[in-house]
Amino acid sequence: MADRLKDKVAIVTGGASGIGRAGSILMAGEGAKVVVADIDTERANALANEIGNAGGEAIAIRLDVRDTVSVQAMVDAVIEHFGHIDILFHNAVSVPLVNKHDRRITELPEETWDAIVGLVLTGTYLTAKYVARRMLEQKSGSIILTATVDALIGQAGLDAYTAAKGGVISMTRSMAAGLSPEGVRVNAICPGFVKTPHQGVFLDDERERASIEALHLMGIMAPEEVAAFAVFLASDEARSMTGGIHVVDSGYTAFKANVDPASVFKREA
């Protein structure tokens, strides 16, 4: 066990799967007392037990980020159990909802818009609101929000998701401006495509996988690679970092396409 987060209490929303699961495990491995907050209580409990069996400390709490009462109950339970909150790593999202139902705006059902914006943007607002209140009381804390590179560049067919995550990016800056003078840091991570179980529908198809890999300079990332940066932002090493929008995307936003236009001129030479 390392100790970069020794004695810190970390809430990880969406903490039972994907990037959230990786964050729960890595933060526990760095000495944090982890709250695996997830709507899937079975997976959350299983992960908390797994962390405990590995020598860490974790509890599982059911959380529906769309529901104020659920968020308040989660925060109260964490305070009752641990006494304070030092880290929020917010990941809660439904990948199947986005992948199967988001659309180009002209074909986007209003109920889908409401569902995605409610989960992604309003869920972030509610969770950050009630956690930040506790952090302000102690004049310290690190809030890490998971956004997406799709909110930074155009992505056809994901109009509700990109709008909601774009809101998260903007809110990161304004939250930092409002909270950081009183000791609470706020940062966002924008991952590229990440190899999670929910993305298997793309990765299991050879042609789909090849096309996705071609968009990343250093290959498709594992959840642990994103979570490792969250650990850094949660640690005292990042004590002066706030209001940042941090791209962790294997080069996805750094280039136009995996081609070499200059090769045309090289051939002519």
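## A loop residue and the fold around it

S250 lies in the loop between strand 7 (245-248) and helix 10 (263-268), where helices (H or I, at least four residues) and strands (E, at least two) are DSSP runs numbered from the N terminus. This is a predicted model, in which local features need pLDDT of at least 70 and side-chain atom pairs count only at pLDDT 80 or more, while totals for chains, interfaces and linings use all residues. Residues are numbered from 1 along each chain as its sequence is written, and side-chain values use heavy atoms, with hydrogens and water left out.

Most residues other than glycine have a negative phi. S250, although not a glycine, has a positive phi of about 55°, and D7, also a residue other than glycine, has a positive phi near 70°. D7 is placed in the segment before strand 1 (9-13). The table sets out how accessible each residue is, with buried meaning under 20% relative accessible area, exposed over 50%, and partly exposed in between (1.4 Å probe, protein chains only).

| Residue | Phi | Relative accessible area | Class |
|---|---|---|---|
| D7 | near 70° | 45% | partly exposed |
| S250 | about 55° | 12% | buried |

The protein chain as a whole contains 10 helices and 7 strands, and 48% of its 269 residues count as buried. Its radius of gyration, taken over C-alpha atoms, is 19 Å, which agrees with the value near 18 Å that a compact globule of 269 residues would have; the globule rule behind that value is 2.2 Å times the number of residues to the power 0.38.

In soluble globular proteins, nonpolar side chains tend to be buried together. A nonpolar core is a set of buried Ala, Val, Leu, Ile, Met, Phe, Trp, Tyr and Cys residues joined through side-chain atoms within 4.5 Å, and the largest one here has 48 residues, with I11, M74, V78, I85, I143 and M175 having the most contacts inside it. Helix 5 (residues 110-138) gives the most to this core, with 10 residues. Apart from this core lies another, of 28 residues, which includes A10, I87, I189 and L233. When residues up to four places away in sequence are not counted, M175 touches A128, I143, L145, S180 and V186.

Terms used: Contact = heavy atoms within 4.5 Å.
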